[in-house]
Amino acid sequence: MAMETVIEVKELFTHYGERAILKGINLSVARGEIMVIMGGSGSGKSTLLRHLLGLNRPSAGVIRLLGRDINKMSELEMHGLRREMGVAFQGGALFGSMTVGQNVCLPLMEHTQLDEKTMRIMARMKLEVVNLAGFENLMPSELSGGMIKRAALARAVVMDPKILFFDEPSAGLDPVVSAELDELILKLRQAMGMTIVVVTHELESAFKIADRITVLDEGEILITGTVEQVQNSDNIRVQNLLHRRPRRDPIDGDEYLRRLTD
Amino acid sequence: MRHFPEQLGRRAMLGLEELGYVMVLLAESIGWLFLGHSRRQPVRAAAIFHEAMQIGVQAIPIVSMLCFAVGVMLAIQGIETLKTFGAESKVVIGIALSVTREFSPLIVAVLVAGRSGSAIAARIGTMQESQEIDALRVIGISPIRYLAAPLMVATLIALPTLTILGDFVGLFGGAIFTAIKLNITISTYFLRCIEILTLEDVGQGLVKSVVFAFIISLVGISNGFQVKGGAEGVGRATTRSVVLSISLIILADMIFTFFMNR
């Protein structure tokens with residue numbers, strides 16, 4: 001069965017100043033798939049996410065979301081596409097001046113003409129899904145780390161997006177809460193059939209939720225495959241990452257001396 | 001030392017870049033104000049009102065106090081100086097003209113720059129750091145339209161209004177001291193003021209205050225959006241925006257005073 005491609009990245013190159021961050025990324029995600037983008041810090045995974053979200057412009061390459069090139073779209077078209085995508089940021093990025101309920105309502109207020117009561121009900125429904133019923137009148141500063149992530153997730157899915165992006169769901173959470181979030185991601189896919197892209201460095205959570213995993217290292221994709229394929233990869237850098245081994249780059253004596261004295 | 005020309009060049013480039021950024025910010029804000037409705041993203045009156053409360057209404061007590069003090073101070077100095085020529089009674093001209101043309105707009109602007117310019121930079125900077133600005137963008141809300149435009153309009157309303165208030169309170173401060181010292185009634189003093197003052201004098205102050213409003217809001221907003229580097233970055237942007245806006249206000253004041261009094 002030919003699966004519909006929802007996200008397609010072709011030969012993506014990006015730079016931060018002179019420094020190359022992403023060096024020719026190719027990636028595609030099918031409808032309903034959970035794709036985990038994994039990599040250490042500095043691997044370029046956050047940068048890749050920012051490009052997928054259309055927050056940065058690439059130096060070269062094509063990014064297609066739902067079949068449309070996001071870097072060739074007009075602002076108005078992009079605005080339309082934003083209805084189809086939800087994002088849960090690493091730190092939640094809830095608006096500090098609004099209650100949890102208002103935070104979840106915000107996308108509805110911007111994109112729909114629904115009346116306030118309907119919006120409130122819809123927001124409550126999503127808060128139920130993430131087990132935050134009854135917390136809608138609290139301010140984000142009154143929530144715990146795990147609650148903030150769940151509230152951010154509720155805001156991300158309030159428009160029933162086709163694509164959900166989740167940045168580091170388990171960063172800074174205890175194992176139990178982070179396992180609950182994994183469950184929640186699986187539940188969301190099952191209930192709404194969303195395509196989900198998760199960026200993480202947590203192995204355990206990646207293996208649990210992923211249909212496929214992309215391992216990123218120093219701006220390049222080392223491997224894209226199922227959990228099994230990644231686990232059985234004979235690439236040394238993939239294995240280093242999986243077994244938490246420190247990198248052992250061969251030391252070049254001359255190069256080392258030159259770096260010190262130059 | 002040989003790096004000096006290079007440094008100078010770099011600084012100049014950075015300065016130009018920032019000026020360009022501010023101009024784009026201004027153009028986009030104006031664009032959203034007029035075209036927001038057609039793009040289904042209007043700049044909301046409620047947001048403008050909310051900001052105007054903070055920038056304008058809440059500054060009333062302190063503005064009144066300072067302008068009163070300046071009025072009294074002008075009266076003291078004026079009477080003291082004019083005594084040498086035995087022309088104390090001419091003091092009203094001095095107070096009336098300098099309060100409306102110069103001191104009221106200047107004091108109000110410096111105060112609002114310290115009070116609200118810094119708050120604007122700190123708030124937008126914090127939002128930038130916590131990815132709230134990114135969150136706005138991925139929801140499909142232009143941060144310019146949602147944050148910048150209401151702040152700009154609110155400042156443009158608040159500053160001239162506060163300046164008019166400052167005019168009255170400043171004149172009143174002068175009246176109190178003059179009345180006691182020169183033994184005239186306060187109503188005589190104000191009748192003299194009305195005789196002396198033309199619409200142009202008051203208008204000159206108001207034109208200046210509009211220019212100052214642009215300076216305060218643009219400097220605060222642009223510094224906020226350009227925050228990098230965590231809490232320290234937010235602090236730096238806040239300080240920079242206050243120092244920069246007060247400096248620009250005083251320079252602009254000098255230029256305007258020169259051209260308007262030719």
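**Close-up 1. Salt bridge between B:R44 and A:E110 in the predicted model.** B:R44 pairs with A:E110 in a salt bridge, with 3.5 Å between the closest N and O atoms. The term salt bridge is used for a side-chain nitrogen of Lys or Arg within 4 Å of a carboxyl oxygen of Asp or Glu. The model is predicted, so local features need pLDDT of at least 70 and side-chain atom pairs count only at pLDDT 80 or more, while totals for chains, interfaces and linings use all residues. Residues are numbered from 1 along each chain as its sequence is written, chains are lettered from A and ligands numbered from 1 in the order in which they are written, and side-chain values use heavy atoms, with hydrogens and water left out.

**Close-up 2. Salt bridge between B:R145 and A:E110.** A:E110 also meets the side chain of B:R145 in a salt bridge, at 3.0 Å from N to O. This pair crosses between chains: B:R145 lies in helix α6 (residues 143-182) of chain B, and A:E110 in helix α3 of chain A. Helices (H or I, at least four residues) and strands (E, at least two) are DSSP runs, numbered from the N terminus. Both B:R145 and A:E110 are buried. Buried stands for under 20% relative accessible area, exposed for over 50%, and partly exposed for values in between (1.4 Å probe, protein chains only).

**Close-up 3. The interface of chain A and chain B.** Chain A brings 25 residues to the contact and chain B brings 19 residues, where contact means heavy atoms within 4.5 Å. About 1,800 Å² is buried between the two chains, and carbon and sulfur atoms give 53% of this area. Buried area is the accessible area (1.4 Å probe) that two parts lose on being put together, summed over both. The interface has 3 salt bridges. Between chain A and chain B, 8 residue pairs are in polar contact (both at pLDDT 80 or more). A polar contact is a pair of N or O atoms within 3.5 Å; within protein, one must be able to donate a hydrogen and the other to accept it, and residues adjacent in sequence count only if both atoms are side-chain atoms. On the side of chain A that touches chain B, α2 (75-82) and α3 (100-111) of chain A each supply at least two residues. The most comes from α3(A), with 5 residues.

**Close-up 4. Salt bridges within chain A.** A:K10 and A:E8 form a salt bridge, their closest N and O atoms 3.7 Å apart. A:K10 is partly exposed, at 40% relative accessible area, and A:E8 is partly exposed at 25%. A second pair, A:K72 with A:D69, has its closest N and O atoms 3.7 Å apart. Here A:K72 is exposed at 70% relative accessibility, whereas A:D69 is buried at 16%. Over all chains the count is 27 salt bridges.

**Close-up 5. Surroundings of A:S178.** Helix α6 (residues 175-192) of chain A contains A:S178. A:S178 counts as buried because its relative accessibility is 11%. Apart from neighbours within four places in sequence, A:S178 contacts A:S170 and A:L173.

Close-up 6. The structure holds 0 disulfides over all chains, a disulfide being a pair of cysteine sulfur atoms within 2.5 Å. For B:C67, which is in no disulfide, the nearest cysteine sulfur is that of B:C193, 15 Å away. B:C67 is buried, with 3% relative accessibility. A:C105 is buried at 11%.
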